[in-house]
Structures are given as C-alpha cells and as structure tokens.
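The tour goes from charges over rings to ring pairs and then to salt bridges.

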Amino acid sequence: MKLKLVVVFCFIVIQASAQNYPILWEDHFEDDDFEALKNVGWIYYPERDIQRQFVGQVNGELVVEAGSYGGLVGMGLVETNGVPLVTLDGDGDPDHATVPLLLENSWSSPNQILTVKVKFESFTTSLFEIATRMPIDTRRGDSDPTEAPAYAIYISPLEDYISMVKYSGSMALFAPNSWTYFEKEAFFDFNLDEYYWIKWYLNEGDLKFKIWQGEEADEPGAWFIEAVDPDPRVTGTFTMFSVFGSPPGTNEDGDLFVLDDVVMRSSFENSSVPVEMSLFTAQQNDKKIFLSWWTESETNNYGFYVERKALGDWQEVGFVTGSGTTIEQHNYSFLDDYTANDGPVYYRLKQVDYDASYKYSNIITVNPVVPASFKLEQNYPNPFNSSTVIKYELAERSFIDCYIINLEGQIIKTLVHDEKNAGVYSLHWHGQDAYGSPVASGVYFLVLEADNVVKTQKITLLR
C-alpha cells in the first residue's frame with residue numbers, strides 16, 4: 001500500500017521541569033487520520049519519488065516502511081515543521097492552500113526539545129535518522145532532505161551505536177565523510193521490535209541527547225551524549241524521521257520503524273512575559289479593511305484569530321500566526337475583503353497560547369465610507385473566461401437593477417434587483433444565463449440602474 005505525502009510528529013518531556021518549556025506541537029496518532037495529514041501535517045513523498053514506500057497511521061502509531069529511491073538507496077521518511085494541516089494536489093504534493101501555511105514556517109523553532117517513542121521493528125541494513133533544523137524549500141513548501149543542511153542523530157540498531165552530527169551541501173545526507181561529528185559511535189545495546197524513548201535538546205550550540213527503555217517517566221537524569229557546536233547554525237524548523245540502507249527488491253519488504261508520542265517543545269523556558277499588545281488599528285482602504293497591531297513581547301503565543309461583527313454575531317474571519325516567545329517588538333496585519341456598507345463593523349483579536357488558553361483584545365470600530373457619487377467600475381478581469389468581478393458605488397440609499405444584456409438587447413441574467421444602502425459593493429458573474437447555463441463567447445453589456453440613472457460597461461467573454 002502506498003501513501004502520497006504525510007508527516008506525523010509528537011514529542012513529550014515529563015520531567016518536573018518540562019512544564020517550563022512550552023509545547024510547540026505534538027501528535028500522539030490517536031485519531032482516525034490514516035494519512036496523518038491532520039492535527040500535525042506530515043509530509044512524505046509519492047510513488048514517483050520513493051517507489052513502494054509505505055507511510056500510514058496504524059493502531060495509534062505512525063508506521064514508515066522504506067521503499068526504493070531510484071534503485072540506489074532504500075529510504076522511508078516523514079517530515080514536518082508542525083503545520084496543523086496538509087492537503088494534497090493530484091500529484092501527492094502540498095497543494096496551493098498548504099504551501100503558504102508551510103512557508104509561514106513558524107510552528108516550530110530551531111531551539112527545541114524533541115521527545116519521541118520509536119520502535120525499530122524490522123531492520124536488515126538500515127540506519128535510523130532524526131534530522132532537524134532543516135530549512136524550508138520555498139519552491140516546494142517542504143524541506144528537501146537531499147539539499148537541506150541539518151543536525152542529525154544516526155542510530156544503528158544492528159551495530160549498536162549512536163552518532164550526533166551536522167552536515168550541509170547537496171547530497172550530504174549520503175556522504176558521511178563530509179559530516180561534522182559531535183559523537184561518532186556511542187555504544188548502546190539495541191534489540192529489534194522493542195520500544196525506545198528518545199529525547200534531543202538543541203539550544204543555540206548546546207546539544208544533548210538521551211535514550212532509554214520502559215516508560216516515559218523512567219527517563220534517566222544524565223544525558224547520554226552532550227556536545228557543544230562552537231559555530232552553530234540556528235535556523236530551520238523542519239524535523240525529519242527516516243530510515244535508509246540498501247534498496248528492497250521488487251518482492252521484498254523494506255526496513256520499517258514505528259513512531260508514537262512525538263512532542264516538540266521550545267528549549268527556552270517560559271517566563272512571566274505576557275503577550276503585550278501596544279496598538280490595534282483598522283483602516284478601510286481600496287474597498288477592504290486593513291487591520292494592524294503591534295506586540296511589545298510574547299510568551300507561548302500560538303497566534304491571533306481575527307473576529308468581525310457586522311449585522312449579527314461575532315464571526316472568525318482569519319488567523320495570523322504568532323511569534324512564540326520573544327521580547328522583541330512584532331508587527332502583524334490582516335486584510336479583510338469586506339466593505340462596511342450597512343453600519344459600523346467591529347473587530348477584535350482572540351490571542352491563543354500553545355496550551356489553548358486565550359484572551360481577547362479591545363474592540364475597534366470601522367464606520368461606513370460613503371462614496372461621493374454613483375459609479376460603475378469596469379469589470380475585472382476583462383476579457384474573462386470563467387468569472388469576473390463587478391464593483392459599483394452608491395452615494396445614497398437607492399433601488400438598483402444590475403443585469404447583463406446581449407448584443408440584441410435581451411436581458412440574459414439579472415444580478416441585483418434590490419434596495420441598497422450607500423456604500424461600495426462587489427458581485428460576480430460566472431458567464432451563465434438566468435437558467436445557470438453557460439453563455440457563448442462574445443461581447444455583452446453590464447447595465448446598472450439607480451434612481452433613473454443608467455451606467456453601462458462592455459464585457460468580453462472568451463471561452
């Protein structure tokens with residue numbers, strides 16, 4: 001069975017001090033999301049890239065089985081930056097809605113504490129790798145493991161050793177002679193098909209690692225590997241779990257590992273610094289409402305939900321990702337494609353922490369903008385193929401008719417027949433007649449009538 005593109009990642013620290021380190025994201029694989037695209041969106045590669053790879057959420061765990069990477073290497077991998085949701089296009093890649101979320105790249109941090117439960121279920125030749133601080137590939141929305149620099153832990157459950165390294169450069173993943181080793185071969189006695197807990201701490205150039213069996217609460221106090229990078233690279237927020245070795249034959253199973261209880265925390269402790277907002281403003285511009293706000297400092301800030309209240313109840317209209325924990329000033333903005341025509345419009349921000357606690361900002365008001373005259377703008381785009389936007393302005397309350405006519409003067413579609421307040425309006429025509437049937441390519445006329453005043457614009461439809 002093959003999957004297309006998924007990554008799941010969870011991480012927990014349960015020592016008494018763990019609560020001082022805010023959770024950035026976590027995944028315990030407890031839902032019914034087989035492809036592991038929700039809660040935390042995991043990225044893995046489709047059949048065209050890694051043949052016969054298997055990735056799936058099974059029995060409350062994430063299972064990864066190696067496939068063949070070009071017939072040269074056996075490989076299976078999953079990666080994420082903690083993005084809450086991944087949706088895929090027809091080729092199994094992140095779609096146009098997911099890529100901007102991945103490019104925000106702000107769910108994780110290069111300064112991190114990762115905890116994960118792992119089982120090396122079936123290994124014949126492979127190494128297991130955890131790579132982190134991997135930068136995003138802005139062209140694709142993921143982090144290309146063959147190009148991205150990384151800090152990595154390598155585990156050989158067959159030869160009983162653990163390495164801590166960093167690497168950079170094209171295909172450096174497969175070139176161990178080019179790696180910088182912080183620990184080359186630390187001995188650890190492994191058994192296949194048994195669970196191990198792993199904890200990896202990165203804070204600037206301070207690197208620490210430990211591994212143990214039993215329960216999470218059995219975590220040893222001492223670190224198994226401790227190192228300092230005198231020239232640290234503190235960038236990149238993707239983390240990858242992978243296995244690589246000899247490629248499996250056509251009728252052979254690949255090497256397989258299992259992940260569970262992955263939690264990613266910041267390696268900066270919580271402080272008493274709240275999310276301190278210094279300014280929140282709104283301005284109606286170009287028939288849209290532009291919101292802007294500043295924070296002087298933030299702690300554990302997941303982000304801001306933007307809420308609007310016009311004629312009814314409060315509605316959530318957008319989300320802006322926060323900056324986690326910082327003592328630096330940050331500016332945020334949000335553009336709401338909404339025009340205040342029927343009275344005042346109110347906005348507020350719901351600031352949410354990573355632990356789901358929240359608080360509201362003050363409420364700001366946007367009053368209607370009254371146009372100076374009756375105006376019909378040229379539709380956009382024009383010519384158009386499937387849909388075009390029509391905008392008009394009313395200087396006073398009026399009964400209006402807006403309709404489309406053909407070259408013979410016949411009304412083929414009525415768009416508006418109603419009384420409207422003074423204000424700025426927009427609507428769409430999808431190139432259909434009154435019965436919902438597509439009309440032919442050609443020239444049409446848009447007519448807008450208000451209080452015996454008539455405005456027209458020529459529209460060109462190209463199929």
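A charge sits over a ring if NZ of Lys or CZ of Arg is within 6 Å of the ring centre and within 35 degrees of the ring normal. This is a predicted model, in which local features need pLDDT of at least 70 and side-chain atom pairs count only at pLDDT 80 or more, while totals for chains, interfaces and linings use all residues. Residues are numbered from 1 along each chain as its sequence is written, and side-chain values use heavy atoms, with hydrogens and water left out.

**Charges over rings**

Select K210 and W223. The charged end of K210 is over the W223 ring, 4.4 Å from its centre. Next, select K350 and Y358: here the charged end of K350 sits over the ring of Y358, at 4.2 Å from the ring centre.

**Ring pairs**

Rings of Phe, Tyr and Trp (its six-membered ring) pair if their centres lie within 6.5 Å; planes under 30 degrees apart count as stacked, over 60 as edge-to-face and the rest as tilted. The whole structure has 32 aromatic pairs. Y360 is partly exposed, at 39% relative accessibility (buried means under 20% relative accessible area, exposed over 50%, partly exposed in between, with a 1.4 Å probe and protein chains only).

Which residues do ring pairs link into a cluster? Select F120, F123, F128, F188, F190, Y196, F224 and F257 together to see it.

**Salt bridges**

A salt bridge is a side-chain nitrogen of Lys or Arg within 4 Å of a carboxyl oxygen of Asp or Glu. There are 10 salt bridges in the structure.

Select E219 and K199, whose side chains form a salt bridge of 2.9 Å, N to O. E219 is in the loop between strand 12 (206–212) and strand 13 (225–228) and K199 is in strand 11 (residues 195–203), so the pair ties together parts 20 residues apart in sequence. Strands (E, at least two residues) are DSSP runs, numbered from the N terminus. Both E219 and K199 are buried.

Move to D206 and K208, a salt bridge with its closest N and O atoms 3.9 Å apart.

Finish with E419 and R397, where the closest N and O atoms of the salt bridge are 3.4 Å apart. E419 lies in strand 26 (residues 411–420) and R397 in the loop between strand 24 (388–394) and strand 25 (398–405), so this pair ties together parts that are 22 residues apart in sequence.

Technical notes
Helix = DSSP H or I, 4+ residues; strand = E, 2+ residues; numbered from the N terminus.
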